Structure formats: structure tokens, C-alpha cells
Amino acid sequence: MPAADEILDIVDEEDRVTGRAPRGEAYARGLRHRCAFILVRDAEDRIFVHRRTSTKLVHPSLYDMFVGGVVGAGESYAEAALREAEEELGVSGLPRPAHLFTFLYDAGDGRSWWSAVHEVRCDLPVRPQPEEVAWHAFLTEPELERRLGEWAWAPDGLEAYERLKAHRG
């Protein structure tokens, strides 16, 4: 099924389901939906960083420190987090990602989505999905911090990262 045809739950400002719509329609009409963000660390505590492919519907060719994506209709944030992490990393058998916090992301153009931030350790060799990931590496946190001012980042991932740092104190 094309990504634009995937059915999403449409939610209100309190994250309550108010209806359903195909992803393409939700994006085009600015309908609020749900997304799962997963920060992936390897055995050395480095963070999986990647550049999104040019064919992505949202934020093509930008860097991101989270894997993830939309939560399908009837799917929980936890289910979406595990599914998205395994799909994008090209692995199976990950532990369930730990939920850290949820926030309402405002894109500033009338679009917004509820964003559940998770974290998971992946000790498996990754084979990122080529349709999703154009480049990837595991970076230490200082390396990632240095790149923040150098590379063009997905704005929702960047906000989630800043909120994660604040969440950790």
C-alpha cells in the first residue's frame, strides 16, 4: 500500500481520536494525527543518526536523530514505536522501546501532531530500510551535538531532541 493511503487516527488537542483519514489527506488538510519517535542507542551508547531519503513525504533529505513515523489507525504509540524502529533499522527482535514523554508538535504552518518519544537499545547489526534512510551512522552524543549547527535537521526531530535533553535535566 502506498504510504499516502495508510489510514491514520485523527486526534484533537487532547490526543483523543475524532476520526480517521488516509495519510495523504491528513497531510494535505493539516489534520492532527499521532507519531512515534524512537531514539536508538547501540551497545556503546552511541545514537543512531540518519539522513532521510529524498522521497519521504515529510522532511525529505533532512537529518534526524530519531527513527519513527506515523501511528496507524487503531495502533498504540508503543506498537508503532516497535514496528517503526524494526522497519527503519532493518532488524527484528528489538526490546519494546521505553516511552519517555509525549508532546504536541506544532509545525508553525497550521499542522501539528502528537509525538510520543521513546528510547531503545539496539545491539543488533542494522540494515536500514533504503526507502527511508539515505545515510546513517552511530554518533556519540558530543558528535551529535557538534552536528546540530552544521547539518539540516528534521524540525520535529530537533524539537523532540531538545525536549528530551530538558526532560533528562
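A salt bridge is a side-chain nitrogen of Lys or Arg within 4 Å of a carboxyl oxygen of Asp or Glu. The structure is a predicted model, in which local features need pLDDT of at least 70 and side-chain atom pairs count only at pLDDT 80 or more, while totals for chains, interfaces and linings use all residues. Residues are numbered from 1 along each chain as its sequence is written, and side-chain values use heavy atoms, with hydrogens and water left out.

**Salt bridges**

- A search of the whole structure finds 21 salt bridges.
- Glu 141 and Arg 41 pair through their side chains, at 3.1 Å from N to O.
- This pair links distant parts of the chain, with Glu 141 in helix α3 (residues 141-147) and Arg 41 in strand β3, 100 residues apart; helices (H or I, at least four residues) and strands (E, at least two) are DSSP runs, numbered from the N terminus.
- Glu 141 is partly exposed, with a relative accessible area of 29%, whereas Arg 41 is buried at 7%; buried means under 20% relative accessible area, exposed over 50%, and partly exposed in between (1.4 Å probe, protein chains only).
- Asp 42 forms a salt bridge with Arg 46, their closest N and O atoms being 2.6 Å apart.
- Salt bridges with shared partners join Arg 41, Asp 45, Glu 119, Arg 121, Glu 141 and Arg 168 into one network.
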